[in-house]
Protein chains: 4
Amino acid sequence: MQLGMIGLGRMGANIVRRVVRDGHTAVGYERKLRNIEELRADLGENFRGSTDLPEFVAMLEKPRVVWVMIPAGATGAVIDQVAELLEPGDIVIDGGNSRYHEDIKRAEKLTPKGIHYLDIGTSGGVFGLSRGFCLMIGGEAEQVKYLDPLLRSIAPGLDAAPRTPGRTGDPSTAELGYLHCGPAGAGHFVKMVHNGIEYGAMAAYAEGLNILHKANFGAAHKGEFSAEETPLEHPEYYQYDIDVPEVTEVWRRGSVVASWLLDLTAGALYADPNLDEFGGRVSDSGEGRWTVDAAIDIGVPAPVLSAALFARFSSRGESLYADKLLSAMRQAFGGHYELPPN
Amino acid sequence: MQLGMIGLGRMGANIVRRVVRDGHTAVGYERKLRNIEELRADLGENFRGSTDLPEFVAMLEKPRVVWVMIPAGATGAVIDQVAELLEPGDIVIDGGNSRYHEDIKRAEKLTPKGIHYLDIGTSGGVFGLSRGFCLMIGGEAEQVKYLDPLLRSIAPGLDAAPRTPGRTGDPSTAELGYLHCGPAGAGHFVKMVHNGIEYGAMAAYAEGLNILHKANFGAAHKGEFSAEETPLEHPEYYQYDIDVPEVTEVWRRGSVVASWLLDLTAGALYADPNLDEFGGRVSDSGEGRWTVDAAIDIGVPAPVLSAALFARFSSRGESLYADKLLSAMRQAFGGHYELPPN
Amino acid sequence: MQLGMIGLGRMGANIVRRVVRDGHTAVGYERKLRNIEELRADLGENFRGSTDLPEFVAMLEKPRVVWVMIPAGATGAVIDQVAELLEPGDIVIDGGNSRYHEDIKRAEKLTPKGIHYLDIGTSGGVFGLSRGFCLMIGGEAEQVKYLDPLLRSIAPGLDAAPRTPGRTGDPSTAELGYLHCGPAGAGHFVKMVHNGIEYGAMAAYAEGLNILHKANFGAAHKGEFSAEETPLEHPEYYQYDIDVPEVTEVWRRGSVVASWLLDLTAGALYADPNLDEFGGRVSDSGEGRWTVDAAIDIGVPAPVLSAALFARFSSRGESLYADKLLSAMRQAFGGHYELPPN
Amino acid sequence: MQLGMIGLGRMGANIVRRVVRDGHTAVGYERKLRNIEELRADLGENFRGSTDLPEFVAMLEKPRVVWVMIPAGATGAVIDQVAELLEPGDIVIDGGNSRYHEDIKRAEKLTPKGIHYLDIGTSGGVFGLSRGFCLMIGGEAEQVKYLDPLLRSIAPGLDAAPRTPGRTGDPSTAELGYLHCGPAGAGHFVKMVHNGIEYGAMAAYAEGLNILHKANFGAAHKGEFSAEETPLEHPEYYQYDIDVPEVTEVWRRGSVVASWLLDLTAGALYADPNLDEFGGRVSDSGEGRWTVDAAIDIGVPAPVLSAALFARFSSRGESLYADKLLSAMRQAFGGHYELPPN
């Protein structure tokens with residue numbers, strides 16, 4: 001089968017690599033000729049590319065399969081452009097991180113033209129080439145079925161995890177690593193919630209490890225506590241000099257909190273035990289926000305996911321005005337003064 | 001009636017002022033002679049003081065009433081000292097911010113000696129002289145009753161607030177501003193929870209006003225959003241240049257969030273509209289922590305009070321290691337880089 | 001000056017009462033003739049009403065001032081209807097609880113017709129008649145100025161609160177209880193955040209009082225703790241039988257947490273000490289959600305306000321599926337069984 | 001090497017099985033003869049047991065290694081008992097879920113007698129036999145080293161996870177699944193934080209899946225919204241009928257949130273897709289509480305871990321009084337009535 005890929009950045013290129021290595025062919029579009037050439041050198045004649053969009057479309061077999069894998073901000077315009085060049089029966093896929101609202105609007109626009117639209121939330125990050133990509137798909141069932149050979153090649157496959165007890169016989173596609181989640185937008189909806197969970201789980205590790213990091217507070221704090229500090233009642237309970245990188249390593253084997261995120265954390269702490277490389281300003285790219293927005297819309301409590309989101313905002317200094325207000329109130333009612341910086 | 005006061009700082013001195021102005025007499029102990037002289041100059045002969053503890057005790061009528069009003073860290077030792085000088089039937093009061101665990105232990109120690117112990121959580125801050133002090137009392141009912149004339153003078157009195165609908169006839173002591181809450185520790189327990197609530201309410205104002213403060217984000221953010229930022233979908237909704245000090249002022253009249261804390265906030269913002277005086281490192285002096293500890297011990301959910309507490313910790317930079325971990329994870333799985341500082 | 005009011009429910013009728021009592025005249029529109037007649041009986045000839053919208057409009061002096069005070073769900077349609085009957089120079093006001101997005105859209109629609117649109121977030125609830133209403137206003141400055149005589153009558157006035165220290169001379173309108181917050185939508189934006197803060201402050205009281213309510217847990221829990229319960233390490237610390245209604249009363253005078261919400265809480269607990277009237281399913285009517293949405297849009301941390309919001313969702317059973325998942329996980333990894341219901 | 005095990009429940013028996021299968025011998029103490037006989041039948045002559053504590057101790061080679069693996073509530077008394085029977089040089093291990101404070105006290109009590117005390121936080125639950133147990137160890141380095149052959153057999157071993165990139169050569173013990181974390185208490189301290197993280201990660205999944213579970217809210221809510229409900233602005237965005245069990249399955253392969261907890265969740269949802277077996281009353285057995293307590297003591301923010309903890313309290317109905325208070329306040333200021341139950 002043939003895959004057309006718009007955007008040969010890391011994600012797009014690695015998806016192409018997985019399908020071509022699995023016996024399919026691929027055609028790529030990308031502004032940077034160099035990216036095309038590199039992929040050609042890697043994959044040989046089963047991959048061709050173009051820096052010209054109409055030429056790219058012309059290189060595709062019908063019905064055309066066009067997977068768009070570019071930054072979310074640019075996706076809408078590119079889909080509009082390419083849709084002008086497509087014909088009824090063709091399939092266009094947004095594999096990026098669009099908000100699912102956009103998918104619903106795009107499907108409504110493309111369906112009357114006979115063009116099929118799929119949204120495929122794609123997880124796997126920089127490890128997707130070797131691990132395979134987890135695919136969460138929204139759109140019409142018929143097209144998802146049609147694309148099955150490609151999806152199967154992109155996804156990790158059954159062996160990527162031990163089979164869930166009780167599941168036997170032919171695996172479901174979910175067991176292979178891809179799932180048709182529902183109509184337009186359902187793929188990005190599930191991917192959005194996936195990222196929301198990711199924020200919460202990341203924060204759980206970060207908070208816990210921060211406690212371990214400061215477990216020697218009783219030993220470290222030799223001096224007196226000022227009137228504006230809470231004295232530590234039991235310094236004898238906080239005399240531990242914990243090797244946090246080793247703790248993350250030991251938890252990888254046999255513990256309840258073993259996970260891929262923990263694997264990565266252990267790797268990051270092994271490479272840079274004090275995390276000197278980082279300043280602690282944590283970005284967020286939208287999905288965590290949209291997850292909380294969705295929870296609020298439908299009345300579902302999300303205290304953990306929202307706490308994780310807001311901790312990122314705070315890490316970027318966005319609490320400052322609120323904090324100043326608190327200090328101002330404390331001074332107003334109690335005559336308290338702020339502590340000087342550490 | 002006569003009140004003995006150990007500690008003539010702002011709180012202790014103002015309590016003395018209220019009782020003497022109401023026709024009682026008072027005796028003060030304090031290391032700084034100057035504080036004693038000032039109070040004497042202010043109150044005349046109905047106040048006497050000493051810088052010598054035994055002399056102070058000797059100046060008191062029996063049964064002696066000794067109110068200790070000094071920083072929590074020093075209270076225990078001073079109570080031990082003065083208890084050595086007291087006799088059966090005397091009353092010693094901790095009016096400071098001790099953890100209520102201490103009260104239980106002290107009462108157990110003093111009761112066998114025939115010395116009565118009361119814990120009186122005292123709210124009112126720097127405004128207590130004019131507003132009166134709100135008193136939350138733990139200890140034996142008989143002693144609370146005995147002290148009634150003094151408590152009545154220290155507390156704000158019935159007119160400090162409109163009477164609660166339905167309450168008629170002789171006011172309860174709660175309506176006068178003091179309450180016997182239960183046995184030893186109950187006063188500080190109620191005061192602890194009072195402060196826990198205070199943290200939550202303060203944070204509610206601070207978070208809300210921070211939103212108003214940044215309500216012009218759509219206008220302020222002229223440039224493009226980078227790949228590591230979430231684009232603002234509707235900049236047209238965030239074009240407001242809100243006068244936050246005036247908003248706090250307007251809410252003081254007729255709104256549901258009118259409160260004394262809001263009065264103080266309006267005052268602070270009027271005096272220093274940009275809060276330039278403050279750095280945003282918010283202290284906490286224990287009660288908020290103990291409130292959450294108590295909630296955890298007895299299995300009561302306290303998501304708001306704990307979020308308020310942890311925001312203070314974060315304001316002091318205590319999230320840094322956790323934040324670095326989040327950035328490290330994001331780089332590990334997604335190749336994301338941190339945003340540079342603002 | 002003359003006020004036209006659409007909707008003579010409690011809020012609308014009380015606003016009319018305040019302006020007429022202050023020497024203005026008012027015209028009301030309302031489907032229920034009875035509401036009109038009642039107000040007429042109360043206010044005499046300075047109030048007239050109609051159950052017919054065109055007749056109502058015809059009764060108004062030009063430039064007409066039409067204040068719409070009906071449930072948010074119906075406001076949009078009514079404003080559309082009445083706008084058809086208005087002329088350039090007329091003023092239409094939404095005094096209800098619309099989302100501020102709507103205000104921006106309505107102003108855009110009405111401005112080309114020469115009709116002025118104001119959004120006035122109105123706080124005061126069932127007590128507005130006596131306390132006055134706190135008014136947060138969005139729209140054009142000129143119209144706000146024109147309406148000044150009416151706004152002044154509706155708002156509480158300077159004496160409703162002690163003047164903020166430092167403020168002297170002619171009071172600002174904020175000191176009278178009304179504030180022009182900015183262009184269209186600014187009034188409802190500030191009102192929205194006001195309600196968000198209200199959620200947070202309410203939750204702070206509720207959580208704290210819940211701790212007091214259960215402060216006798218050590219005495220109450222006589223039995224053994226099962227393997228699925230956390231034993232209480234220090235039962236001696238939780239032996240308090242706190243009179244929660246009296247505590248809310250004592251905090252009303254002199255304490256840092258004194259507020260109008262506390263006044264109401266004390267009243268509710270005096271009337272129904274065990275709150276038997278309530279089931280604990282807490283509604284939310286939008287503003288708290290929109291406040292958190294806004295915080296998320298502009299990247300402002302709101303951990304306390306969101307925790308308060310989500311607690312309401314949970315109170316309505318919306319955590320159930322999540323809770324079942326937690327129990328399922330605990331059983332899966334640890335063989336733990338759920339505790340039976342209390 | 002020889003292991004003495006007190007408590008042959010699931011955890012204790014499986015630890016014994018792992019050491020005996022690896023060529024060591026074991027002696028067990030347990031009140032229920034049946035448990036001993038079963039293990040004997042399974043393991044043959046390399047395992048012996050007794051229902052009599054002195055006999056058990058007499059069966060051990062010196063220096064004796066006594067691992068206590070019983071419910072936390074009973075551990076202290078049993079350690080006291082067995083310590084009476086031990087001699088200088090012997091080693092006693094608490095492998096259960098004691099609070100680390102206890103370890104510090106026990107070590108202080110046993111050290112003067114020449115008895116070595118180790119605390120070994122043991123994770124692995126019901127799967128430990130096949131997966132191996134993750135061991136977090138506190139105590140003297142010399143004893144940890146002495147026990148290395150046993151620890152190595154109990155822990156999962158290097159192959160249980162892919163090696164962390166950059167780690168080469170002889171693996172650290174953490175890479176084998178056991179770690180000496182520090183002096184007495186350090187093992188249970190790290191295990192406590194492990195469980196705290198577990199709470200947070202579990203809640204992240206549960207909240208996210210709850211959103212997916214209710215993603216059809218726009219389709220499901222056909223009727224009008226009452227005045228006490230927030231209308232859903234965009235029902236078209238919530239029309240998804242998500243197959244939550246399949247989503248958990250697809251995330252197991254290639255996604256960022258892949259984890260052992262997710263594996264178990266997928267298993268639980270496959271076995272019981274609607275979780276009918278569960279009532280949603282989520283227990284907590286202490287470690288999550290103690291983790292938050294520790295965070296508070298040392299001033300480390302833990303908003304996510306505490307939100308997860310409090311959600312469990314709420315699942316057991318512990319918010320009820322707070323929720324009633326909120327409803328009472330809403331009625332008081334706004335005349336709002338509670339919604340009837342669903």
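**Salt bridges and burial**

Mentor: Let us begin with D263(A) and R252(A), which form a salt bridge whose closest N and O atoms are 2.8 Å apart. Please bear in mind that this is a predicted model.

Trainee: Why is the pair D263(A) and R252(A) called a salt bridge?

Mentor: The term requires a side-chain nitrogen of Lys or Arg within 4 Å of a carboxyl oxygen of Asp or Glu. For D263(A) and R252(A) the closest N and O atoms are 2.8 Å apart, so the pair meets the cut-off of 4 Å. D263(A) belongs to helix α13 (residues 260-271) of chain A, while R252(A) sits in the loop between α12 (244-251) and α13, and the two are 11 residues apart.

Trainee: What makes R252(A) a buried residue?

Mentor: R252(A) has a relative accessible area of 6%. Buried means under 20%, so R252(A) is classed as buried.

Trainee: How do you know whether R64(B) and D90(B) are buried or exposed?

Mentor: R64(B) has 7% relative accessibility and D90(B) has 2%. Each value is set against the limit of under 20%, and therefore R64(B) counts as buried, as does D90(B). These two residues also form a salt bridge, with closest N and O atoms 2.6 Å apart. The pair links distant parts of chain B: R64(B) is in the loop between α3 (53-58) and β4 (65-68), D90(B) is in the loop between α4 (72-85) and β5 (91-94), and 26 residues separate them.

Trainee: In chain D, what is E87(D) called in terms of accessibility, and why?

Mentor: E87(D) is called partly exposed, because its relative accessible area is 31%; the class lies between under 20% for buried and over 50% for exposed. Its salt-bridge partner is R64(D), with the closest N and O atoms 2.9 Å apart. E87(D) lies in the loop between α4 (72-85) and β5 (91-94) and R64(D) in the loop between α3 (53-58) and β4 (65-68) of chain D, so the pair ties together parts 23 residues apart in sequence. R64(D), at 7% relative accessibility, counts as buried.

Trainee: What makes a group of residues in chains A and D one network?

Mentor: Salt bridges that share partners join R163(A), R167(A), E175(A), E246(D), E249(D), R252(D), R253(D) and D263(D) into one network. Over all chains the structure holds 95 salt bridges.

**Symmetry and the interface**

Trainee: Why is the relation of chain A to chain D called a two-fold axis?

Mentor: Chain A can be laid on chain D by a turn of 180° and a shift of 0.0 Å along the axis, with an RMSD of 0.0 Å. That is the relation of a two-fold axis. In chain A, the residue that comes closest to this axis is S259(A), with its C-alpha at 1.9 Å.

Trainee: How do you know that the copies in chains A and D meet through the same surface?

Mentor: Of the interface residues of chain A, 100% are also interface residues in chain D, so the copies meet through the same surface. Chain A gives 95 residues to the contact and chain D gives 95. The two chains bury about 7900 Å² between them, 68% of it on carbon and sulfur atoms.

Trainee: Which polar and charged links cross the interface of chain A and chain D?

Mentor: The rule finds 4 salt bridges across it, including one between R167(D) and E246(A), with closest N and O atoms 2.6 Å apart. There are also 46 residue pairs in polar contact. By class, the side of chain A that touches chain D has 59 nonpolar, 20 polar and 16 charged residues. Helix α10 (residues 186-213) of chain A supplies the largest share of that side, 18 residues.

**Backbone geometry**

Trainee: Which peptide bond of chain A is called cis?

Mentor: The bond from K62(A) to P63(A) is cis, with omega near -10°. P63(A) lies in the loop between α3 (53-58) and β4 (65-68) of chain A.

Methods
Residues are numbered from 1 along each chain as its sequence is written. Chains are lettered from A and ligands numbered from 1 in the order in which they are written. This is a predicted model: local features need pLDDT of at least 70, side-chain atom pairs count only at pLDDT 80 or more; totals for chains, interfaces and linings use all residues. Side-chain values use heavy atoms; hydrogens and water are left out. Copies are superposed by least squares on the C-alpha atoms of residues with pLDDT of at least 70 in both. Contact means heavy atoms within 4.5 Å. Buried area is the accessible area (1.4 Å probe) that two parts lose on being put together, summed over both. A polar contact is a pair of N or O atoms within 3.5 Å; within protein, one must be able to donate a hydrogen and the other to accept it, and residues adjacent in sequence count only if both atoms are side-chain atoms. Helices (H or I, at least four residues) and strands (E, at least two) are DSSP runs, numbered from the N terminus. Ala, Val, Leu, Ile, Met, Phe, Trp, Tyr, Cys and Pro count as nonpolar, Asp, Glu, Lys and Arg as charged, and the others, Gly among them, as polar. Buried means under 20% relative accessible area, exposed over 50%, partly exposed in between (1.4 Å probe, protein chains only).
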